[in-house]
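Colleague: I'd like to learn how to read a model like this one. Could you walk me through it?

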Amino acid sequence: MHHLVIVESPTKAKTIHKYLGSDYTVIASMGHVRDLPRSSSDIPEELKKTDWAQLGVNVDKDFEPLYLISKDKTKVITQLKKALKDAEDVYLATDEDREGESISWHLLQVLKPKVPVHRMVFHEITKQAIEKALAHPREIDEKLVRAQEARRILDRLVGYSISPVLWKKIAYGLSAGRVQSATLKAIVDRERKRMAFVRAGYWDVGANLNHAKGDFESKLISTSGKRIASSKDFDEETGALKEEAKNIVLLDETQSKKIAQEMPGLSWKVTEVNKKPVTRRPPAPFITSTLQQEANRKLGLSSKEAMRAAQALYEKGHITYMRTDSVTLSADAIAAARRNIESRFGKEFLPDEARHYTSQAKGAQEAHEAIRPSLLFTAPHDLDVSPAERGLYELIWMRTLASQMRDSDQLQLSIVTQAGDHVSSSSGLKILFPGFLRAYVEGAEDTEQALSDKEHILPELSVGDSVACQTAEAQSHETKPPSRFTEAGLIQFMEKEGIGRPSTYASTISTLNDRGYVRKMSGALVPSFTAFAVTQLMERHFPDLVDTKFTSKMEESLDNIADGKQEWLPYLRAFFLGDKGLRERIEHEVSTIDPEAAKRIDIPQLPGVIIRVGKFGPYFETEHPKSHTMVKASIPEDAAPADFNQQKVDELAAQAQQGPTTLGKDPESGKEIYLKTGSYGPYLQLGEDSEDKKVKPKRVSIPKNVPLETLSHDKALLILSLPRLLGTHPESTKEIRAGLGRFGPYVVCDGDFRSLKGEDDVLTVTLTRALELLAMPKGAGRGRAAVLRTIGNHPESGKPMTLHQGKFGTYIKHRATNVTLPKELKPEDVTVEKAVELLAAKKEKRKK
């Protein structure tokens, strides 16, 4: 008997095939085999003249979608149909969520098999899980398929109906989306809050106190019976002092310095000692959103990178399915976790009973278990995976263990002291038992260091004890505007507000980046001026589509369709064709939108400055204070809207009026070297602009570490030489150059790029340093274990074998293979022969 199993990817096919016999053929469909048309060129000729073809959905015929087989999938379908001829039945083994159900349904529609068809679902790729799935197949879930189809059609109706409005009124190539636009408004709103924020200063006094039992720090909290202003007394959104805080003392510099001078000469007494036992419980195992957040915080991975790594780990059989809202762990997983905890941390870290968690997320619907390691619970450094995959696996592994460990018992401490009319307070924390913190601290990469940082011990003092003030210092503070969203913070916001679902977070953020709506600056998401223009238009003409509550209700309706509680067709009709439906509203609103008004951005903090989005990026117009003429200038691409203030406007306006600065002539060409400012910031141009648009003079951005006031003729020549030749590679004899690109300074050899590190200068980096960087694996330095030494080259491959110190012990690395050092073998005793022996044993074990 011969069986055909269809999955989405080659990696998944390869892993599943290991657990099936020779009677099974496993083939990958390479994702969806058909979808709605991507562009007008995909639409069949006979349908191009219809009103609905561009939309890809016939809204007047019960929202009938136009599904087309992708051109790059015809070969795959031919292969599947050929394999189907020899099969006695078919197992559709795509992922178990709505997306996977939809892929299986489309395969069924395209292949039209005449043999029995089974839907095979599992949430981890292990032998036990695959055998169980084979033994208990089911039918395709039509409710899940309809829910996914409704979601796909709804996204198409919004995106393909609103985006053309943006093209006509603002700029071609912009896009809107059901989830995307609401998310973008949240980012823009946060930037608006930063614009409106008025920084406020306040002062306090810090004192260093001494007692025979130990030194400690204290902070002034009240003087003359009145509480002193602290950060909590200022409004987080406006920066103004809260109304209820009007009666407190707002110290200035003079007052705080006077108190600081008095303090060492006063008599200090302990007036209060407070001790409060607290218990911290471990976080639940990962779901999709929390995994993306922690991967961003700890590993610096974007949500897209995190999901790509998680997908690879799942398909290789190392973790459970990565798109899930469930925090539940199976009984087998709990048992495996408890065994690992006892063996690695000791029995005292195990609670008496297993922990069980329940989901809190809105519309939890994806898979049936949290993201966890497969039941083998393989140690991270024993996996043959990429650095990003290993780092993510380690997070999942440690979080799963932590979720089943004992609580952390802590003691909060506070000491209140008085000196004359001044009252100060000290806070401390003592960790009585670390519990789960021994394995996992949220947001921290090094758990030992994080534990040490958390603990702040105060001396054991009693009320009435005398202490001495060694020094006191007046300290100034300034309130800070609301923080911009990081990817982690944005995902947390989307989850809380019910915008999108776990499977859409990564793609939404990726789209916002790709469209130029946001860019990353020190990990934060900064909206562009174009993002402001798009959000303004949506707020004025389609406010519900950027309203978080409305978007959340749409998600709930789609979840109800998946659960069979709501019909998909009436919902789509009401949304698009009903009274005040989207189609009718677009027809009405388009005629009322003035393109000039749509391109103009309202920034109340810059009166007298007109900011617009133009063909070549954002620019502003303002009246020059001296000449009283209107000055127009480009706004640099890296200018954050909240940081674009009047001072910056004046600087750019002055530069625009002056025209380009001449730095001298290039000795080789005899052409003038001009310093100019464009939408990407300051740059150098060699020669004049040509009347022929196709002929462009050489332009090079000025490195960020080069101050404009120190830019000399010699340095300008050096910058214009970029990408400069450093030499040739000793092995390949290919050229090695240093240059400046979109993502910063780099070195490159034969298409192999490496970013320069913080201490490197693109203008002075040497060939030796370039060779060092090129020798490093891509991604080196992020989540990689320390290299102790090179053992030697492997006799068969000739490649180096290295000894590494990881978080879970010492191990040998050769190419993609890692093998843990036995406990009885010391690192200094590892020879080439011993390393080869251990690697061979690992290889043999893997074969078995």
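Modeller: A helix here is a DSSP run of H or I with at least four residues, numbered from the N terminus. Keep in mind that this is a predicted model. Take helix α10, residues 331–344: after it comes G346, with a positive phi near 110°.

Colleague: What span does α10 reach from its first C-alpha to its last?

Modeller: The expectation is 1.5 Å a residue. With 14 residues, α10 reaches 20 Å, close to the 20 Å expected.

Colleague: Which residues of α10 are buried?

Modeller: Buried means under 20% relative accessible area. In α10 that covers A333, I334, A336, A337, R338, N340 and I341. Those buried residues pack against α11, residues 387–403.

Colleague: Now the strands. Is β1 mostly covered or uncovered?

Modeller: Mostly covered: β1 spans residues 3–7, and five of its five residues are buried. Look at the side chains, too. H3, V5 and V7 point one way from the strand, L4 and I6 point the other way, and all are buried.

Colleague: Which residue is the bridge partner of V5 in β7, and which in β2?

Modeller: Strands pair when DSSP finds at least two bridges between them. β7, residues 89–92, runs parallel to β1 and is joined to it by four bridges; there, V5 is partnered by Y91. β2, residues 24–28, also pairs with β1 in the parallel sense, over five bridges, and V26 is the partner of V5 in that strand. To get from β1 to β2, the chain passes through helix α1, residues 10–17, in a right-handed β-α-β crossover.

Notes:
Residues are numbered from 1 along each chain as its sequence is written. This is a predicted model: local features need pLDDT of at least 70, side-chain atom pairs count only at pLDDT 80 or more; totals for chains, interfaces and linings use all residues. Side-chain values use heavy atoms; hydrogens and water are left out. Buried means under 20% relative accessible area, exposed over 50%, partly exposed in between (1.4 Å probe, protein chains only). Helices (H or I, at least four residues) and strands (E, at least two) are DSSP runs, numbered from the N terminus. A crossover is right-handed if, with the strands pointing away from the viewer, the path from the first strand over the helix to the second runs clockwise. The expected span of a helix is 1.5 Å times one less than its number of residues. Contact means heavy atoms within 4.5 Å.
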